Amino acid sequence: MAEHTNGAGGEGNTGEAAHGAEAGEAAHHGPIDQFEIDRLIEMKIGGLDVSLTNSSVWMLIVIVAASVFMLVGMRHRALVPGRGQSMAEMAYELVANMVRDNVGSEGRRYFPFIFSLFMFILFANVLGLIPLSFTVTSHIIVTFALAGLIFVGVTVLGFVRHGIKFFTFFLPPGVPIFLAPLLVPIELISYFVRPVSLSVRLAANMFAGHTMLAVFGGFVIAMGVFGIAPLIFIVAIYGLEAIVAVLQAYVFAVLTCLYISDALHMHQH
Amino acid sequence: MEPEAAKLIGAGLATIGVAGAGVGIGTIFGAYVLGTFRNPSVAPQVFGNVLLGFALSEATAIFALVLAFLILFG
């Protein structure tokens, strides 16, 4: 893993020299350097820094890749699908079944959102597996933007659907009244922890996976001839990371469906 | 104590939290296998929940691992 060479630093040096705001520039190479944000094109709107960074470029690549995957896959619209169309249809079916099973029939209006969310996270995770690339979802700010948006949206949805009665969500039906002072704070806390856990789960999985690969990559070089052992381990971990990439996208989407379902039908399953 | 030594010790202690994932994942897949013994025909339907449970349990271990990395390299 060559993440901690100056591959990213070469492009970012002009930005860093000009701004010096990238004060977190590590004096020593380490496995964390692969997550550094480098400004590629400086841009400011008002006082807001909207520079094109390596993160933004990779987000654009993710969007283009996901769009090409779906558009080119469905180009022929054959009744008997070829390979590309099969893959696009399988992705659609997976998310459609997920939405129908977890939200119910009225979840159909949320399908485009869940599908976009799932494809973005899936392609972001998987494209991050390419060596020398940048994993967009490894930064907590990216995943928190997604999870925070979902949390706010689902809460608003709950209030729009149920009005003030949405607060009965925190006292499940059939609970003895003397347990309420204990149960309601617990329910409240676990409700507000949702965006935190949703975002940290994804970011931490991506961060830990890539950091582990970089750490073992360092071992390979340091152990010389015996570096074959960490190398085999890296191959195995890479397989695990591929599984985790797909799985975390799936889990993010399923949990979003469950949260929407909670807001639409509170506790009635 | 030097910061470097403290970092190494802290990272080692933080990794103890990963043990919870072993217990949790083992429980989930054990329950899945036992359920498959009793009712094999439902196994494919339940598998989605198994993956969800695995990911949620793994997340707790990942939180601990990330803290270990942050202590070690932050």
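pLDDT is the predictor's confidence in each residue, from 0 to 100. All views below show a predicted model.

**Figure 1. Confidence along chain A of the predicted model.** The mean pLDDT of chain A is 86, and 89% of its residues reach 70 or more. Among the elements of this chain, α4(A) has the highest mean pLDDT, 96. The lowest mean, 38, belongs to helix α1 of chain A, residues 7-19. Over residues 1-27 of chain A the pLDDT is below 50. Where pLDDT is low, the predicted coordinates should not be read in detail.

**Figure 2. Secondary structure of chain A.** Seven helices and four strands make up the secondary structure of chain A. Along the sequence their order is α-β-β-β-β-α-α-α-α-α-α. Of the 269 residues in chain A, 30% are buried. Among contacts in chain A between residues at least 6 apart in sequence, 64% join residues at least 24 apart.

**Figure 3. The largest nonpolar core.** This core has 55 residues. I114(A), F118(A), I121(A) and A253(A) have the most contacts inside it. At least two core residues are supplied by each of α2 (54-73), α3 (83-103), α4 (111-127), α5 (140-162), α6 and α7 of chain A, and also by α3 of chain B. The largest share, 13 residues, comes from α7(A). Leaving aside neighbours within four places in sequence, I121(A) is in contact with T137(A), L202(A), A249(A) and F252(A).

**Figure 4. Contact between chain A and chain B.** In this view, 15 residues of chain A are in contact with 10 residues of chain B. On the side of chain A that touches chain B, the elements that give two or more residues are α6 (180-222) and α7 (228-264) of chain A. α6(A) gives the most, with seven residues. By class, this side of chain A divides into 10 nonpolar residues, four polar and one charged.

**Figure 5. Packing of α1 against α3 in chain B.** Helix α1 (residues 3-14) of chain B packs on helix α3 (residues 43-73) of chain B at an angle of about 175°, and their axes are 8 Å apart. Because of this angle, α1(B) is roughly antiparallel to α3(B). From α1(B), the contact is made by K7(B), G10(B), A11(B) and A14(B). From α3(B), A64(B), L67(B), A68(B), I71(B) and L72(B) take part. The contact has seven nonpolar residues, one polar and one charged.

**Figure 6. Packing of α2 against α3 in chain B.** The axes of helix α2 (residues 19-38) of chain B and α3(B) come within 8 Å and cross at roughly 170°. α2(B) and α3(B) are therefore roughly antiparallel to each other, since angles over 145 degrees count as such. Residues of α2(B) in the contact are G20(B), A21(B), G24(B), I25(B), I28(B), F29(B), Y32(B), G35(B) and T36(B). Those of α3(B) are A43(B), V46(B), V50(B), G53(B), F54(B), S57(B), E58(B), T60(B) and A61(B). By class, the contact has 10 nonpolar, seven polar and one charged residues.

Figure 7. V156(A) has its place in helix α5 of chain A. V156(A) counts as exposed because it has 11 C-beta neighbours inside 10 Å. Between V156(A) and F166(A), 10 residues apart in sequence, the C-alpha to C-alpha distance is 10.0 Å. F159(A) is also found in helix α5 of chain A. With 14 C-beta neighbours inside 10 Å, F159(A) counts as partly exposed. F159(A) and A263(A) are 104 residues apart in sequence, with 8.2 Å between their C-alpha atoms.

Figure 8. R77(A) is not a glycine, yet its phi is positive, at about 50°. R77(A) is found in the loop between α2 and α3 of chain A. Because 7 other C-beta atoms lie within 10 Å, R77(A) is exposed. L132(A), likewise not a glycine, has a positive phi of about 70°. The loop between α4 and α5 of chain A holds L132(A). L132(A) has 11 C-beta neighbours inside 10 Å and so counts as exposed.

Conventions: Residues numbered from 1 in each chain as written. Chains lettered and ligands numbered in written order. Predicted model: local features only at pLDDT ≥ 70, side-chain atom pairs only at ≥ 80, totals over all residues. Axes fitted to C-alpha atoms, helices over the stretch in contact; angles between N-to-C directions. Parallel < 35°, antiparallel > 145°, perpendicular 65-115°, else oblique. Contact = placed C-beta atoms within 7 Å. Nonpolar A, V, L, I, M, F, W, Y, C, P; charged D, E, K, R; others polar. Core = buried A, V, L, I, M, F, W, Y, C linked by C-beta atoms within 7 Å. Buried ≥ 20, exposed ≤ 12 C-beta atoms within 10 Å, placed from the backbone.
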